[in-house]
Structure formats: structure tokens, C-alpha cells
Amino acid sequence: MRVPLLNPRTATGDVARFFEATALFRGRVPNSACTWAYVPDIAKFFLLAGTPLQREGAGGVLSCRIKEMAVLKTSHANSCNY
Amino acid sequence: MLWAEHVARNTAGEREDVFAEVRREFSNAELVELTGVCGLFAVSNRFQDSMRLPIEEQGEVDKIRQSVRADPKRLKAYVARLVEHWPRAFPSPLIPLPGGEGSMKPPSPSRCRASVPQCSPLPPGEGLGVREATVARCPGRRAGDEGGLTGESRQRIADATSTAPADCRVPLLDPALATGDTARFFAAAERLLGSVPNAVRVWAHVPHVGKLVLPFFVAVERAGCGGVLPAALKVLVIARISHINSAPYTLAHALAVGNAEGVTGDRMEELSAVQCVNSPRFSASERAALVWAQHVAQNTAKHHDAVFGELKRHYNDAEIVELTGLCAETNMVNRFCNALRVPVEPAAELSALYGASRIEPARLTSYLESVLADWPRVLPVPDATAT
């Protein structure tokens, strides 16, 4: 890790609010959120942007299946294990 | 999947055969969304790899399956929460030192928001800490530049535009003719940005996606929205990455923002060359950021400890996270606009968009409030018969 992962259990202020919102919205707090949380005012918008693109049901017109295939292909092309 | 591969590799713009194939299978709206998905993972992959994020335990990863479909009610509640918990003041970026264009104050213990140890409590109500100081305008701005593009900036934008393809791959939707959700998206975007750029006219094919994606672009690229990096540095990074990715649309926008921030002339010119990272026109901290930007763009940052070490000498953890996020986001926008061949706006429109590089936080709140107020009763669903 390049920077320490922020801990949702000990965060306060804007960072804590971001973690709470993430947990409520996604049901979990992934490591990527624990990193984006260093800039919570931007992180909250990244979460918002990612949802309609990654998930079905948020107003997009593509199925989950197509999205997940695109995600896998892109991640393979970028050699991204995460 | 062929399209995804080419968007990821930033070659989609050149491949008519690949575009023809994807065009046969997907409508304009589906194509815009698909390109957005691929672009999003250009962000995620680069951010995660550059930060060397560890993969969660299997139990945590399994939870992803449970959240494959978004719950629109939860999404709306999330937006409402953003509005409800809007901070009273945003953190401020570094204040440039007077008298030296490009010089930046190195982090010092008294002002640096040091990386937050996992267990340390933070000042109540402040998150990472809030400074009330406003950002001073970069001292390079010339008299008479206020309110419009300089001749030099116009020329650079014209040069960038001349390399841009003329044919957008999906129609640019017209705000004057739009109705329903598309019209509402255009109205909100115009209030936020001051006008409607061509990229927004493309995203408008999927207005419910566009409206939620736009605040992220604004927050990460512009000053005033809660970031901790100065606007001038963001301009340099966006311009450099746009050169690396041969992205005329984003480059033209970076030049216009640079004009608003007083970052013009030789410094912007140098960014077109790989050797810019050695140029004395940039401070040591700017050079470190530009090297990092190059590696994030090329997705090689994860391999270069020395590069990260140099970055760490100049920036704290929050600044590094934002810088990496900005680099990753720029790669998304580059790929999206290249793949769909979004045309650059005329100089006058760019000038209207970037009269000031800073977005007032109230505009962003107002944008979110309008998104909430206009939340549709029913969101569109994908075509269940599509394979």
C-alpha cells in the first residue's frame, strides 16, 4: 500500500460521514474507499459516479452482464488484479 | 468486449472496424454508457494499482455479489445525505508562494495535514482538517486576461483542435431541443458549469448516468469543491496526461482552465514533451507530480518506488490520493472522448465555461438539490432481451 488505509471504525468528521454513507449505500466499505477517504469531499462523488456505471438499476441502459464483461476485459487489459 | 479492450488501450478512436462492430449491436445511449463503464475502470484500475491496494478477504469480496444491482431508493438517499451533510467549509489547497510562478510551499509540520494514522482521533467536525484561507491566484496571470482567452491560449486551443477528428461517433444532443430527463440534465449542468460542453451533450444520451457522473468530474478537476490540490497543479497534470494520451478534447479544456488560472506560455508548451519532467520551468514538487502523472497514465506507477518516494517528499497522503485520483480520472475522460471522438468547442464557448477555474460550492449543492428534486419516479431499465 502506498498510503495507510483509513480505518472506518476510528474516523471522525467528514471522513466518518463518508464511511457511513458508503456502508449504508454499498453494504460494505472496500479498501478503495478507505483510500479515497483521504479526500472525502471528492470520494463521495466518485462513489456517486461509479454506481450508475457499474450497477444496473441506477438509470443506465446496459445490463449487469454487459457491464461486468466490460469491467473484466478492461481490468485484464490494464493487468489490474484488484 | 473488443470495444472495451480498445477503449482501455486508448485505440478505440482510430479503429473504424471495431466501432462499426459495436455500432451494430448497441444504440447511442448504450454505446455512451459502455464507453463510460470502460472509462470508469481506467480510473479504478490505475488508482488501485498506483496505490497498491490490497485485495479484500474473500468474505468481503463475496458481498459484491449482493450489491450487483443498485437500489434506486438507496441511491437517492445517498444524494440526499450529501446535501444534508454538506460541509460548512471545504479544505483549501496549498497557497502558491508569491513571486515565483510554479513555486509551491513544501509541506511543513505546521500546515501539513499529515497522513492520518488509522487510530488517531481527528478534530471534531473537521475530518482531515479545514483551513479557511482562500486560494491566491497564481502570480503568472497577465493584466487584461480577465474574462477571456488570451490570444496565445486561443492559438494553443486551435492547434489542439486541429488534430481532433471532426466526426463525433454519437450525435451531440441539442440542449435547445431536449425534453424530459435530458432537458433537466442539461439545465442542471448549465447552472453548474455556466454552459453545456460537448462532453455533457454526449453523456446526455444516458441522462441518469450523466447527472451522477458530472459532480465527480467537477470535484476532481476544478478548484473549490473540496480538493486539497491547487488548481494550477491540476491544470499541469491534466494537460500533461492529455498530451500522453493524445486527447485533444481534454487538452483544449485544460488550456482554457490554464488560461483562467494564469498558467500559460512556456510552461504549458513544455508539457507536450516527455522532457518536461526535467524542465526548470517547473518546481521540484511540480516535476514530481508530472512524473507520477506519467506513470499513472501508463499504468506503471505500481512498479516505481523511487518515483513514489520523490512524490512523497513533496506531498502528504491526502494530496497523493487526490493527485492519483485526478490522474486516473483524466485517463477516463481522455479515453471516453477519444473513443467517441467528442469535438472540441469553439474558443468562445471554452472561455464561457472557464471564466473562473474555481466552482463555487453553492453551485454544486444547488446541482445536487436539483438532481434530488427531479428524481424520476421510475428509472429506465436495461432491455431484458438484449444479449
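Salt bridges between the two chains come to 4 by the rule, where a salt bridge is a side-chain nitrogen of Lys or Arg within 4 Å of a carboxyl oxygen of Asp or Glu. Before I go on: this is a predicted model, in which local features need pLDDT of at least 70 and side-chain atom pairs count only at pLDDT 80 or more, while totals for chains, interfaces and linings use all residues. Residues are numbered from 1 along each chain as its sequence is written, chains are lettered from A and ligands numbered from 1 in the order in which they are written, and side-chain values use heavy atoms, with hydrogens and water left out.

Back to the interface of chain A and chain B. One salt bridge there pairs A:Lys67 with B:Glu33, at 2.4 Å from N to O. Another joins A:Arg2 to B:Asp305, with 3.0 Å between the closest N and O atoms. That pair runs from helix H14 of chain B, residues 305-314, where B:Asp305 sits, to A:Arg2 in the segment before H1 of chain A; helices here are DSSP runs of H or I, at least four residues, numbered from the N terminus. A:Arg2 is buried, at 7% relative accessible area, and B:Asp305 is partly exposed at 46%. The cut-offs are under 20% for buried, over 50% for exposed, and partly exposed in between, with a 1.4 Å probe and protein chains only.

Now the interface as a whole. Chain A puts 67 residues in contact with 97 residues of chain B, contact being heavy atoms within 4.5 Å. The buried area is about 7400 Å², and carbon and sulfur atoms give 66% of that; buried area is the accessible area, with a 1.4 Å probe, that two parts lose on being put together, summed over both. On the chain A side, A:Arg2, A:Phe45 and A:Leu53 lose the most area to chain B, together 12% of what that side buries.

Which helix gives the largest share of the side of chain A that touches chain B? H3(A) does, with 14 residues.

Next, salt bridges in the whole structure. The count over all chains is 21. Within chain B, B:Arg341 pairs with B:Glu16, the closest N and O atoms being 2.6 Å apart. B:Arg341 lies in the loop between helix H15 (317-340) and helix H16 (347-353), and B:Glu16 in helix H2 (residues 16-25), so the pair ties together parts of chain B that are 325 residues apart in sequence. B:Arg341 is buried at 10%, whereas B:Glu16 is partly exposed at 42%.

Helix H2 of chain B also holds B:Glu21 and B:Arg24, 3 residues apart, about one turn of the helix. Their side chains form a salt bridge at 2.4 Å, N to O. B:Arg24 is exposed at 59% and B:Glu21 partly exposed at 36%. Shared partners join B:Glu16, B:Asp167, B:Arg169 and B:Arg341 into one salt-bridge network.

Last, the cysteines. How many disulfides are found over all chains? The search gives 0, a disulfide being a pair of cysteine sulfur atoms within 2.5 Å. For B:Cys168, the nearest cysteine sulfur is that of B:Cys337, 8.9 Å away. B:Cys168 is partly exposed at 22% relative accessibility. B:Cys327 has its nearest cysteine sulfur in B:Cys276, 12 Å away, and B:Cys327 is buried at 0%.

Definitions and conventions:
Helices (H or I, at least four residues) and strands (E, at least two) are DSSP runs, numbered from the N terminus.
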